[in-house]
Amino acid sequence: MDEQYDVVVVGSGIGGLVAALTCARSGQSVLVLEAGKQFGGYTNPFARKKFNFDPGLHYIGQCQRGGSFRRLLDRLGLEHVDFAELDPDGFDHYVFPDYDVKNCKGLDRFRDRLAADFPRERRGLDRFFKLIEDVDYTLSNAMKVRSARAGLSMARRLPSVLRWSRASLGDCLDHYFTEPQLKAALAGPVGDLGLPPSRMSAWMHMALLAHYAGGAFVPRGGAGHLRDAFVEALEGHGAMLLRNRRVEQILYDGQQVRGVRTAKGETFGATQVISNASATATYGMVGEDHLPRRLMRKLRNTEYSYGSICIFMGVDGALDTSQIGSTNVWNYDSTDIDALFSEQAMGDYRNIGGYFLTVPTNKDPGGGLAPEGMQTVEIVALCGHEPFASWYGEKSMKRGEDYEALKADIADHFIERAEKHLPGLSDHVVLREVGTPATNVSYTLAPEGSAYGLAHTVDQTPPFRFGARAPLDGLYLCGASVISAGIVACAASGRMAAKYALQDAGTA
Ligand SMILES: Cc1cc2nc3c(=O)[nH]c(=O)nc-3n(C[C@H](O)[C@H](O)[C@H](O)COP(=O)(O)OP(=O)(O)OC[C@H]3O[C@@H](n4cnc5c(N)ncnc54)[C@H](O)[C@@H]3O)c2cc1C
């Protein structure tokens, strides 16, 4: 071995950073190996002509005082990471041809807003929102029941929660409601986890709605500030972080993990490896010979989420974005979100019937995201990965004329569509850049260019995702394959993986 550590962390997305810092703060010697040129995975920002963009963080929940992400950061000594709150009266705006509604801080308020628009559905709304609360309580506390009172509270909720454990969001909405507009509004943020209602796990969607109950936030100064806080804290605790180090092999001797080998041929010894790579990539690095048959079957059947198209724009200050403010706009061409996100529609960007529009500079005006007097605007849409697959693995900016022409068409198409919400947008764009599933592969090694890792289907909902503790001694997983996609869920998975590692090392 070239060097020996207590723990090697493979990948520096938010899951890997949390895992690494948790171990380093417990006195473990930690090495973080990142394949990319920069640390952070989807929290790594990029800049063009002094405009700064965050590809993988447009809003997160649980940053309010007492919120789970705030508490996690505080426990890791990152009290100084600060957040700006999106409009509490409407952080999301779901817009359909014949209905629109804003989701707001406080699930009760959102419920009452919907009930005012759909009075005949009041009873269903009361029951559905009670279910959201029960699902959230159960998923958040399943591992933590320590008192008889908590056990009783859990037991009271379990029957209704378990009833929907194997249901799709579509089934659940059809059970409680009749109005198509109401069902569509409740499915409004479905793009956050990247599946249409008929395929999305009801549990996962309800957990998503509960996630934003305390409001929505962005890190002040952008996701890069969050990433940098982790990197500085890791260095402060003596951890070693190396970029441009793609791990190719996790060394396992049939009994115990022994370390990793990088593509450059270096070997780093450790009896604990925490992988922030996808589950398929992680187990691929161990090698089939060492994997139990059941795990092999699960890996073969693993399904990844849709990819994403992002249009990042630098815009001059003359464009009036005040009507959008800090709210995210989810524009849908119809209330039939299943049809809009069908496999067929996803195969061609011109047929994609929904997109997300945001003005990051309105969310964090003092964050230095744009030069003085300028603004940033971003559009995100889900898309199939096949149309982009031929460019996977090719270097960014060097994918050739066809790719550049496709990116230009995509930008034109979505910018024209977004004029509905930002009239005159195309005349004010001073810079534009387009990300595709091929970008996700280049910057985060995302399987199939997926935006959200493992698809959030019923069959891939916890406890049927991948465990943070692998069935091989010394190997742990974190990131989107474990609990769910999303910054906060991936961070929680990093904490979980590290805690298992520390327990197993006898240092917890
Ligand atoms: C367009 C888009 C918008 C999004 N918006 C939001 C949002 O608003 N809010 C939100 O909460 N979430 C959002 N997400 C999702 C969120 O960004 C991700 O779910 C989350 O950041 C994933 O974290 P992770 O821990 O899985 O690591 P990732 O960010 O996936 O990073 C994994 C890292 O591991 C590295 N790696 C992989 N394999 C190896 C290897 N073999 N050797 C070394 N390094 C390796 C990769 O290079 C990468 O840096 C968005 C995602 C996308 C694509």
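Author: Helix α17 is mostly covered, with 8 of its 8 residues buried. The model is a predicted one. The buried residues of α17 are Pro437, Ala438, Thr439, Asn440, Val441, Ser442, Tyr443 and Thr444. Strands β15, β18 and β19 are among the elements that cover them. Leu445 follows α17 and has a positive phi, near 55°.

Ala438, buried in the helix, is in contact with Arg399. Arg399 sits in the loop between β18 and α15. Is Arg399 buried or exposed? Arg399 is buried, because 21 other C-beta atoms lie within 10 Å and the cut-off for a buried residue is 20 or more. Setting aside neighbours within four places in sequence, the contacts of Arg399 are Trp391, Glu394 and Ala438. Gln375 is another matter. Arg399 and Gln375 are 24 residues apart along the chain, and their C-alpha atoms are separated by 28 Å.

Helix α15 covers residues 401-418, 18 residues in all. At 1.5 Å a residue α15 should span 26 Å, and its end C-alpha atoms are 26 Å apart, so the two values agree. The buried residues of α15 are Lys407, Ile410, Ala411, Phe414 and Ala418. Seen down the axis, these buried residues fall within an arc of 100°, so they line one face of α15. The face turned away from that buried side carries the exposed residues Glu401, Asp402, Ala405, Ala408 and Glu416. On the buried side, the packing partners of α15 are β15, β17 (354-358), β18 (375-383), α16 (425-428) and β19 (429-435).

Helix α17 (437-444) is one of the elements that give two or more residues to the shell around the ligand, along with α1 (14-25), β15 (307-315) and α18 (487-504). The shell has 39 residues, and Gly11, Gly13, Gly15, Gly41 and Gly479 come nearest to the ligand. By class, the shell divides into 21 nonpolar, 16 polar and 2 charged residues. Domain 1 and domain 3 each give at least three residues to the shell.

Helix α1 deserves a look of its own. Its 12 residues should span 16 Å at 1.5 Å a residue, and the end C-alpha atoms are 16 Å apart, so α1 agrees with expectation. Of those 12 residues, 11 are buried, so α1 is largely enclosed by the rest of the structure. The buried set is Ile14, Gly15, Gly16, Leu17, Val18, Ala19, Ala20, Leu21, Thr22, Cys23 and Ala24. Gly15, in that set, is also among the residues that come nearest to the ligand. The buried residues of α1 pack against β2 (7-10), β3 (30-33), α9 (223-236), β14 (272-275) and α18. Just after α1, Gly27 takes a positive phi of about 90°.

Within α1, take Gly16. Gly16 counts as buried because 30 C-beta neighbours lie inside 10 Å. Leaving out neighbours within four places in sequence, Gly16 is in contact with Val9, Gly11, Val32, Asn276, Cys478, Gly479 and Gly494. Two of these contacts, Gly11 and Gly479, are also among the residues nearest to the ligand. Gly16 and Arg495 are 479 residues apart along the chain, yet their C-alpha atoms are separated by 9.0 Å.

Last, the domains. The chain is divided into domain 1 (3-82 + 220-302 + 455-504), domain 2 (107-215) and domain 3 (306-449). The C-alpha centres of domain 1 and domain 3 lie 27 Å apart. Where they touch, 23 residues of domain 1 are in contact with 21 residues of domain 3. On the domain 1 side, β5 (51-53) and α10 (279-286) are the elements that give two or more residues. The largest share of that side, 3 residues, comes from β5. By class, the side of domain 1 that touches domain 3 has 8 nonpolar, 10 polar and 5 charged residues.

Key
Residues numbered from 1 in each chain as written. Predicted model: local features only at pLDDT ≥ 70, side-chain atom pairs only at ≥ 80, totals over all residues. Near = placed C-beta within 6 Å. Helix = DSSP H or I, 4+ residues; strand = E, 2+ residues; numbered from the N terminus. Nonpolar A, V, L, I, M, F, W, Y, C, P; charged D, E, K, R; others polar. Domains from an automatic or database assignment. Expected span 1.5 Å × (residues − 1). Arc of directions from axis to C-beta. Contact = placed C-beta atoms within 7 Å.
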